[in-house]
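Have the model open in a viewer, with selection by residue number ready. The stops below go from a sheet to a helix pair and then to the confidence values.

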Amino acid sequence: MKRLTAMLLALVMCVSCLAGCGSSKKEGSEAGSTSEATKDSDWAYVSGKGELTIGMTLFAPMNYYDDKNEFVGFDTELANAVGEKLGLKINFEEINWDAKETELNSKNIDCIWNGMCITPERKENMSISDPYLYNTQAMVMKKDREAEIMKDVSGLTVTAETGSTGEGKIQGTIPDDETVKVSAQDYFKDCNYVASDSMAKALMEVKSGTADIAVVDSVCALGMVGEGTDYEDLTINLDNNFGQQEYGIAFRKGSDITEKVNAAIKELYDDGTVDKIAQKYELQDMLIKK
């Protein structure tokens, strides 16, 4: 009888222990889930450190240093305005454009905000904001050679920034769509292609004569080429429509910062801030209205 009583008591204690352990495991699991949710929240990560690190390259009129060596530009000012809305300090980090996704995923930067064209591949690999500016690809060449070059590009040397939309169009890695008038891949098929580290360097290649044509964003070309610039001897040709693009801001795939930035930019459209910044950089005609 004593043995039976002892066995029953042991059984009760075991059940109680299992119930207690089960409860602890459940609580631990819930805590783990909460922890994971916080861990997976880009917004929690960025707001926790109080700053948004933006990856960019230097090119006017998006992000550049002016004559007074002040860091300015349309994207620069818009990002700072968004930072104020979200209560974040904005930190700009110059990156190698071809390594932008690696920089983003390794958390060296938190977003790519630098006149980045939205493409199907980029939408697949990153979370991208609502588009905010229209863009096309421009051909930039020496003024005194424009007629000759536009007559026949066969055998000429063409350059574009590594990892850029221009390079993608030339190499065919960015497919043509219904906005394309002339296929860049077909147009430059008989050219020698040489990659440049940046759009600014692509323009320098043309200026120095080591390349005949630079294919760069029209926004970049209009901001960097012409009277009063370092490229007065160059000209912009937009005769060939290689397709219309739209600029967007890229975040890590699934990032919950994306919608917060979208909402902040919408507010800045509504209060006239975006229009004011665009007019300052003569980009008002390229704005995608919200």
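Start with the open sheet of 5 strands, whose order is S10-S9-S11-S8-S12 with mixed pairing. Strands (E, at least two residues) and helices (H or I, at least four) are DSSP runs numbered from the N terminus, and two strands pair if DSSP finds at least two bridges between them. Select 192–196 and 234–237 next: these are the edge strands S10 and S12, each pairing on one side only. From one strand to the next the twist averages 30 degrees.

This is a predicted model, in which local features need pLDDT of at least 70 and side-chain atom pairs count only at pLDDT 80 or more, while totals for chains, interfaces and linings use all residues. Residues are numbered from 1 along each chain as its sequence is written, and side-chain values use heavy atoms, without hydrogens and water.

Now select S8 (residues 137–142) and S11 (residues 213–217), which run antiparallel and are joined by 4 bridges. Met 139 has Val 215 in S11 as its bridge partner.

Axes are lines fitted to C-alpha atoms, for helices over the stretch in contact, and angles run from 0 to 180 degrees between N-to-C directions. Contact means heavy atoms within 4.5 Å.

Move to H11 (residues 257–270) and H12 (residues 273–280), which pack at about 75 degrees with axes 4 Å apart. They are therefore roughly perpendicular (65 to 115 degrees). Show Ile 265, Leu 268 and Tyr 269 in H11, which meet Thr 273, Val 274 and Asp 275 in H12.

Finally, colour by pLDDT, the predictor's confidence in each residue from 0 to 100. The protein averages 88, and 86% of the residues score at least 70. Over residues 1–38 pLDDT stays under 50, and the model has 1 contact beyond four places in sequence for them.

Key
Angles under 35 degrees count as roughly parallel, over 145 as roughly antiparallel, 65 to 115 as roughly perpendicular and the rest as oblique.
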